[in-house]
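My entries follow the model below.

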Amino acid sequence: MSDLKHFAPLLDDKDILHQRDDMAPHLMDWRGQFDGAAQGVLFPRSTEQVAQIMAIADEHNIIIVPQGGNTGLVGGSIPDKSGQSIVLSLTKMNKVRELSVQNRSMIVESGCILEELHKTAEEHNLYFPLNLAAKGSCTIGGNLSTNAGGVNVVRYGNTRDLCLGVEVVLLGGRVMNLLSPLRKDNTGYDLKNLFIGAEGTLGIITAATLKLFQLPKMITTLFVEVNEISNAVKLLNTFKSHFPDRIESFELMPKSFWEVAKNNINNMVMPLEKMPEMGVLIDISSYSKDDTSPNEEGEIPIIKTIENVLEECFEKNLISDATICKNENQSKSLWSIREAAAESEKKELEKSNLIKCLKHDISLPVESIDDFHKDAQNMISNFLPELRTIYFGHLGDGNLHYNIFGNGSLPDGFKGKSQDLTNKLYEIVHKYNGSFSAEHGIGQLKKNNLKTHKNNVAYSLMKIIKNQLDPKGIMNPGKVLF
């Protein structure tokens, strides 16, 4: 008999799914890369219900797979194919419990949609800077679970850096309340950060206290053509010197990115007259009226300053073309192209009739990105004929999404050698002191790589912690660790 019977007294019938068709959206990731099976999907509405569920799971050895908006890219929230798991969806726990304007913080439940948190903060003239392409459907619990990054990491850091505290339900139903909004709380081990990035393998994050910031009076968006990566890095340092602590985003968008975008986004408007060879999308924030109000000549000071910096960069031959968005609509149009990157690649893959595209979420010291790219392209060109690299990413914090499309005439596009190719790419990443996992998490996709590349002592310690908090191995098994 199904283990669902144990949970029926806790939840309304509408908060329990057990039919395959009803569960289907929770059993496959949006890319279609991972699919599984489950006994059911539970939708608790309170921390108390989550605690009761975890107590029952502990008592009856029931596998629990926590899930947020199911927008992940590494299969971290998808159950295995055994059909023994229970998916625990936090999407109905979506209240903002508290918002403090003076403390610039808010306590939110895990099922809150990221974009809704943006709106809530802005209603109080505050700003929550975590910004992802999936912001309209991803949840803050999932963001915390993977320590998500996004386009604003260059200034504000990853999700971990934006979190003051968490509420976590442990196996057995114990609730650890660390929701204090304090900026300073030096009381022993930093347990909060143990659960951020753990992908539900140690406990269930049910709520979090988030940092809020001053809402910028204006964000200026510009697109610059730099021709090569080394110039983009120099441009980043130039802008950092002129706009310290004001660069919100600094995104690398090379020609291969624009080719895919143009093929798959209807009515797309290019930012420049010709397709950029190597482009950078930049956001710069302004906080004072002096920066954003027209002067006697009718000029907006921040725009004039940016124009002067761009002129300086032209003279140094760092850039070949540039455009500054004149209004919010132009800015949104440009950002919509960047945010559609994953969907554009998915469509491109379908058009190519390829089974597989190798997606890599890597980080490198910014000064090493150009050398890494040259080494990687040399390796890829020698590995198999007619492979195509489409890369882009957050240059400001050294994070690249380095994706390789296969050769359509070969089996699966890579002649069965896709793992070998990824391994060779990660060897080059390691050569430059980079990481094979920057912001997407480990999940199912990268647990082999974690075991290979993580420091042996650190990996062993991670397993000790896992065994202590989940001795039965029923918390999201098959994810992160073996």
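Is Cys-112 buried or exposed? I found Cys-112 buried, at 4% relative accessibility. My cut-offs: buried is under 20% relative accessible area, exposed over 50%, partly exposed in between (1.4 Å probe, protein chains only).

I note that this is a predicted model, where local features need pLDDT of at least 70, side-chain atom pairs count only at pLDDT 80 or more, and totals for chains, interfaces and linings use all residues. Residues are numbered from 1 along each chain as its sequence is written, and side-chain values use heavy atoms, with hydrogens and water left out.

**Cysteines**
I looked for disulfides (two cysteine sulfur atoms within 2.5 Å). The structure has zero. The closest cysteine sulfur to that of Cys-112 is in Cys-138, 12 Å away, which is too far for a bond. Cys-138 is buried too, at 2% relative accessibility.

**Salt bridges**
I counted a side-chain nitrogen of Lys or Arg within 4 Å of a carboxyl oxygen of Asp or Glu. The structure holds 22 such bridges.

I checked Lys-92 with Asp-15: their closest N and O atoms are 2.7 Å apart. The two residues are 77 apart in the chain. Lys-92 is partly exposed at 25%, whereas Asp-15 is buried at 2%.

Next came Glu-248 and Arg-155, which meet at 2.8 Å, N to O. Glu-248 is buried at 1% relative accessibility. Arg-155 is partly exposed at 29%.

Last, I looked up Glu-328 and Lys-332, a salt bridge at 3.4 Å. Both residues are exposed. I also noted one network, in which salt bridges with shared partners join Asp-15, Arg-45 and Lys-92.

Note on methods:
Helices (H or I, at least four residues) and strands (E, at least two) are DSSP runs, numbered from the N terminus.
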